[in-house]
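Work through the exercises below with the model open. Try each task before reading its solution.

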Amino acid sequence: MGSYRPQHDEVARITLGSETETDAGWVYGARIAWPEGVETEHTATLSWSDHDHISGGSVPPSQVAEAMLAVLVRELDSEQIPEKLDLSIMRRVVGDLDERVRARL
């Protein structure tokens, strides 16, 4: 599987699966269909504290998770997005991730 970064006019399609609430926050299954035909599957976690930090609790956690994935597919190659990802870890990869996720909400 090769890596692929969509061009500005190409859009990766993100499908966020069902939400599972945990003691620490939420877990989502996610599938990303990249424009060149590659599909990747991920498990995305969002902690209670990250949700509150990003949205102030004003939007559903699924919207925060989807916004995070939308930013990641614009910034990273298909192989750079790990199978298991978390907002707190991915902000180390994309330095202004919090601000960019907020802008999408």
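Two strands pair if DSSP finds at least two bridges between them. Helices (H or I, at least four residues) and strands (E, at least two) are DSSP runs, numbered from the N terminus. The model is predicted: local features need pLDDT of at least 70, side-chain atom pairs count only at pLDDT 80 or more, and totals for chains, interfaces and linings use all residues. Residues are numbered from 1 along each chain as its sequence is written, and side-chain values use heavy atoms, without hydrogens and water.

**Exercise 1.** Describe how β1 and β2 pair.

Solution. Start with β1, residues 13-21. Its pairing with β2 is antiparallel and covers seven bridges. Next, find a facing residue: Leu16 stands opposite Ala30 in β2. Finally, trace the link: three residues make the hairpin that joins β1 to β2.

**Exercise 2.** Find the bridge partner of Arg31 in β3.

Solution. First locate β3 at residues 39-47. β2 and β3 run antiparallel, paired over nine bridges. The partner of Arg31 is Glu41. Then check the turn: five residues separate β2 and β3 in this hairpin, and Gly37 there has a positive phi of about 105°.

**Exercise 3.** Classify the aromatic pair and place its two rings.

Solution. Apply the cut-offs: rings of Phe, Tyr and Trp (its six-membered ring) pair if their centres lie within 6.5 Å; planes under 30 degrees apart are stacked, over 60 edge-to-face, the rest tilted. The structure holds one such pair. Trp26 and Trp48 sit 4.4 Å centre to centre with 50° between planes, hence tilted. Trp26 belongs to β2 (residues 25-33) and Trp48 to helix α1 (residues 48-55), so the pair ties together parts 22 residues apart in sequence.
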